[in-house]
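Subject: Structure for you, with notes

Hello,

Here is the structure I promised. Please open it first, then read my notes beside it.

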Number of protein chains: 2
Amino acid sequence: MTARHILALSGGVGGAKLADGLQQACNDGRLTVVVNTGDDFTHLGLNISPDVDTALYTLGGVANPETGWGRRDETWTFMDTLARLGGETWFRLGDGDLATHVERTRRLAAGEALSAITADFARRLGIQADVVPMSDQPLRTRVHSDEGIFDFQDYFVRHQCRPVTRSIEFAQGDDVRPSPAVLAALADDALDAIVICPSNPYLSIAPILAVPGLRDALREAGVPIVAVSPLVGGAAVKGPTAKIMAELGVPVTADEITRQYDDLLAGFVLDERDAALRERIAVPVHVTDTLMRSADDRVRVARETVDFAKHLKARA
Amino acid sequence: MTARHILALSGGVGGAKLADGLQQACNDGRLTVVVNTGDDFTHLGLNISPDVDTALYTLGGVANPETGWGRRDETWTFMDTLARLGGETWFRLGDGDLATHVERTRRLAAGEALSAITADFARRLGIQADVVPMSDQPLRTRVHSDEGIFDFQDYFVRHQCRPVTRSIEFAQGDDVRPSPAVLAALADDALDAIVICPSNPYLSIAPILAVPGLRDALREAGVPIVAVSPLVGGAAVKGPTAKIMAELGVPVTADEITRQYDDLLAGFVLDERDAALRERIAVPVHVTDTLMRSADDRVRVARETVDFAKHLKARA
């Protein structure tokens, strides 16, 4: 794989795995990972950016390999002590993880942009890719459910996705705009492709596309946009994608994912277990094993996706 | 020792040791520990109350027995990770210690008073004594030195007390007043004595006495006020007491301590190594070994101090 510059859109665990594969496959090429911040929230007075942290930890090689979120070699003294002091413990914050939140909160309060702080953290973690929050302004994913309206982490962690989703809202102020680094990457002449990682289309990629101006900027970049299916054999590898699709009245099939990205998509990477759906997809399809169990899997899926995108670009 | 209610004024390590002895010696009696908050500061966006925490940890039996500050069985993953992220590391925050600061900061931001939060923490740590910050409003100890003016922790921890002290300032707003619990304790008919713990008179006890109205309220309580010398053989057991006395041009002798408390004092507990100074002290003196190396020492010094105060009360 030889690509000069790839831009990836990513949510949490699944997206970060492919982003990590892209980083390893990039060689001398450049990788920009645009990360969902719709899940960001304030907890215990700390500004927490779950997907940005998953990207930083995964690309920085310090992610917990068992959970996919949080840090490896983590300790939990803070959480244990907090419980003893009567604090809220439904959102598990490891001692090392906490350093990210405390330092981010301090720097945000001092007036720094989330994207500048994230870029500095990435540099200090030795990450080669540019990790860029979708926006420096808050856009918050809210789940409207049969049990009321929930902030995302409240729905996702505290209520463990149990409420039935009716609709998803992206609450935002008038000032929300893409991070300057996203627009700069999209304007790069060396950009070869845009990859939509196998993250939840409704909860992780949709907030990115809901940032005013971002969807247009992706389309206007003039390079193929390729999505990797987050469904494998009609089920999500991780997380509530399938449950939410069912609750929203959408068939839980990979071809539905392509309709979610409709006007953007130049190609789709379909899991081999879903190969029969190929004919129901309007754009060119690459069929492969998309499951990323090992580090090698990440690199293989990344390479195949970029080669597919380059093939589409050459054909255009 | 049978006392109905003792009120103690305390700074950090040395004061907390005697407060712990008083708690153990109190049996069914009541103990109120009024703690210096002149050292409180905001660090990494967190509200930190070093002396309150030392009191809570010591009285709660979770203090680090080696250092006297911080918690036992502490881990340091937060600090190690923060260093990697480029955060400030001159003030060492253990992972468990951090839970106190994060939860306190959250509750202060939600509008709770420092004294209410401290009382709740004390209850959850199973502490029998009432641990009361001197004030719910900020009063900040600032050291004027040959190298400039420093906030206390900046002087004490970052600069390790190296600058030469010229004067000490207690910066405060117009609204600073004693915590309601301090005044309530001083108004208690069952109050038998007030003990000034062997803390630094200039840096730990002086800020308490600088809270408007507190010095008068102590005097008007109508019970003997007894101070335990923080000097042993003309040297401080711990901390910069002797260094600061020398820099302020005051003889580094225990009798000078009594002059610091002048109009308040009914009696003074002098270390046996300083017994020769006895004649230079204007108030009744009890001579004993004031060094508190073991838990038994704490209880013994506490008992002797309270018995001495009760003897003074009976004589009055």
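Start with two helices. Helix α1 (residues 13-25) of chain A packs against helix α12 (residues 295-315) of chain A at an angle of about 75°, and their axes are 7 Å apart. The two helices α1(A) and α12(A) are therefore roughly perpendicular to each other. (Angles under 35 degrees count as roughly parallel, over 145 as roughly antiparallel, 65 to 115 as roughly perpendicular, and the rest as oblique.) Axes are lines fitted to C-alpha atoms, for helices over the stretch in contact, and angles run from 0 to 180 degrees between N-to-C directions. From α1(A), the residues at the contact are A:K17, A:L18, A:D20, A:G21, A:L22, A:Q24 and A:A25. They meet A:R298, A:V299, A:V301, A:A302, A:R303 and A:V306 in α12(A). By class, this contact between α1(A) and α12(A) has 7 nonpolar, 2 polar and 4 charged residues.

Some ground rules. This is a predicted model: local features need pLDDT of at least 70, side-chain atom pairs count only at pLDDT 80 or more, and totals for chains, interfaces and linings use all residues. Residues are numbered from 1 along each chain as its sequence is written, while chains are lettered from A and ligands numbered from 1 in the order in which they are written.

A few terms come up throughout. Helices (H or I, at least four residues) and strands (E, at least two) are DSSP runs, numbered from the N terminus. Two residues are in contact if their C-beta atoms, placed from the backbone, lie within 7 Å. Ala, Val, Leu, Ile, Met, Phe, Trp, Tyr, Cys and Pro count as nonpolar, Asp, Glu, Lys and Arg as charged, and the others, Gly among them, as polar.

Now the two chains together. Chain B can be laid on chain A by a turn of 180° and a shift of 0.0 Å along the axis, with an RMSD of 0.0 Å. That is the relation of a two-fold axis. (Copies are superposed by least squares on the C-alpha atoms of residues with pLDDT of at least 70 in both.) In chain B, the C-alpha nearest the axis belongs to B:D95, 3.0 Å from it. The same surface serves both copies: 100% of the contact residues of chain B recur in chain A.

How many residues does the contact take from each chain? It takes 25 residues from chain B and 25 residues from chain A. On the side of chain B that touches chain A, the elements giving two or more residues are α3 (77-84), α4 (95-109) and α5 (114-124) of chain B. Of that side, α4(B) gives the most, with 10 residues. By class, the side of chain B that touches chain A has 9 nonpolar, 9 polar and 7 charged residues.

Next, a sheet in chain B. Its 3 strands form an open sheet in the order β7-β6-β8, with antiparallel pairing. (Two strands pair if DSSP finds at least two bridges between them.) The edge strands are β7 (148-151) and β8 (165-172) of chain B, since each pairs on one side only. Neighbouring strands of this sheet are turned by 25° against each other on average, direction ignored. Strand β6 (residues 139-145) of chain B and β7(B) pair over 4 bridges. One bridge joins B:H144 to B:I149 in β7(B).

Helix α8(B) lies across β6 and β8 of chain B, running at about 25° to β8(B). In helix α8 (residues 201-209) of chain B, 7 of the 9 residues are buried, so the helix is largely enclosed by the rest of the structure. (A residue is buried if 20 or more other C-beta atoms lie within 10 Å of its own, exposed if 12 or fewer, and partly exposed in between; C-beta atoms are placed from the backbone.) The buried ones are B:P201, B:Y202, B:L203, B:S204, B:I205, B:P207 and B:I208.

Back to chain A for a covered strand. In strand β13 (residues 267-271) of chain A, 5 of its 5 residues are buried. A:G267, A:V269 and A:D271 point one way from β13(A), and A:F268 and A:L270 point the other way. Strand β10 (residues 225-228) of chain A runs parallel to β13(A), joined by 3 bridges. Strand β14 (residues 285-288) of chain A also pairs with β13(A) in the parallel sense, over 4 bridges. Look at A:V269: A:V228 stands opposite it, and in β14(A) its bridge partner is A:H286.

Last, two backbone angles. Most residues other than glycine have a negative phi. A:C161 has a positive phi of about 60°. A:C161 is in the loop between α6 (152-158) and β8 (165-172) of chain A. With 18 C-beta neighbours inside 10 Å, A:C161 counts as partly exposed. B:Q160 also has a positive phi, near 45°. B:Q160 is exposed, with 10 other C-beta atoms within 10 Å.

Best wishes
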